[in-house]
Each structure stands twice: as structure tokens, then as C-alpha cells.
Amino acid sequence: MNYLAIDTSRSSLTVAVGGKNKAVKFLPDCALTHSVVLMGEIENALAAAKIDKKDIDVFACAVGPGSFTGIRIGVATVKALAYALGKKVLGVTSFDSLAYNVSDGRKKLAVIDARHGNFYACGYAADDIDGADGRIDLSPRFIDTAALCGLAREYEIISDEKIGNSDGFSYRVADVEDGFIKAVEANLGKASENVETLVPLYVKKSQAEEEE
């Protein structure tokens, strides 16, 4: 099964093609230019993998949490491609991109820094990541540092970057790019023919929405 997957949820950009042939394009910092460079990098990745868009079976993207604007760009792009070519879609959360880095049999808490001592978090049951279905046993939520410290007693913490004020608990900083690709490949069987099922994951409203 051939796939094209994009992650525009962060300041970086990942475009991955997999299946018969593979290629990965990674730009470390394009936070304000995702919409400008994305289609060019998609074409570059397809050319490197020697695969035409019409031969892609699944179009996938990161659905968040992360940059509100970046997520919308990624979701809109994948939906447009899938609609135009009559292909399936797959959404992968930013939590999956963290959790699929690690397969050591422990419960995992994927943590994304939401700034100001707050975090987005999602818990995964032991032995499921890289195994069966990546079963979530703690739904995505917005938590503060105190809550994170409490959860660290039960879960192994997997973060997207260094955590400040982490006294009292340990954590791993994961390779988000590698985890994103692993998560896509592990979940290709869940891809949907209904393009409208692809929606952003917003754990918390944007600042603009909260101020309305």
C-alpha cells in the first residue's frame, strides 16, 4: 500500500512517501511558510520515490494538537488530494507520533508543551504501541505541571521537547519525525474512504476563539 503523509503541526515540515518505494523530505524550520513550501515538497518526495500521485492509496496527515494554522493547512491539503484522486485518508495525532517511538512494554504518556507550564497529554496502555491498536487509556487533555507530575507515577513520559521544571520525574524526548512515519504505517489499515472523517484534533480552543 502506497501512502503520502505530511506533518505540518509543528514548526518543521515532514513529507513522507512509503510503500513500494520510500522517500522523506524534512524541513527543520518553516513555521510561517508551510502553505508556501508544502506542495513543492510533496512533489519532491513523490519524485524521489518515483511514485505518481495517482498511485498513492492513502493520504495521511498529522491532525494535532500543535500549530492551529499548520494543522488546518495539512488537513485541507490531504482532503483536497484525496477528493481529487478518489483515495483514502488517515489522520495521525501528534500524540501517536510520540508514543510510536517507544515499544518497551510500559504505559506511555505522550506530552506536548502547551507553554506557560501547561501541556497537552494522552495516555497509552502498555504493550499496545507497535503491537496491536495503540489503545488509548487516558483521553487527550490539557493539564498543568502538577497534574503531569502525578501522572508520571503511572506512565512513562514521552515528550516532543525538553520539559522545564521537571524535577521529580523523568521523561524521554522522542524523534517526532520517525514516530510520525511509524504511526502512519501502523495505522494504514484504519484509513477511511470518507474524506470528511479527517478533522483536526483540538484539545483546547485557540486563543482567538477563547477571546470571542
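**Close-up views of a predicted model**

**View 1. The largest nonpolar core.** Of the 26 residues in the largest nonpolar core, those touching the most other members are L4, I6, V17 and I42; such a core is a set of buried Ala, Val, Leu, Ile, Met, Phe, Trp, Tyr and Cys residues joined through side-chain atoms within 4.5 Å, where buried means under 20% relative accessible area with a 1.4 Å probe, protein chains only. At least two residues of this core come from each of strand 1 (3-7), strand 2 (13-18), helix 1 (34-49), strand 4 (58-62) and helix 2 (68-85), and helix 2 gives the most, with six residues. Helices (H or I, at least four residues) and strands (E, at least two) are DSSP runs, numbered from the N terminus. This is a predicted model, in which local features need pLDDT of at least 70 and side-chain atom pairs count only at pLDDT 80 or more, while totals for chains, interfaces and linings use all residues. Residues are numbered from 1 along each chain as its sequence is written, and side-chain values use heavy atoms, with hydrogens and water left out.

**View 2. The surroundings of I6.** Leaving aside neighbours within four places in sequence, I6 is in contact (heavy atoms within 4.5 Å) with residues including L38, I42, V78 and F180.

View 3. Strand 9 (residues 156-159) pairs with strand 10 in the parallel sense over three bridges, and I157 stands opposite Y171 in strand 10.

Methods
Pairing = 2+ DSSP bridges. Buried < 20%, exposed > 50% of the residue type's maximum accessible area, 1.4 Å probe, protein only.
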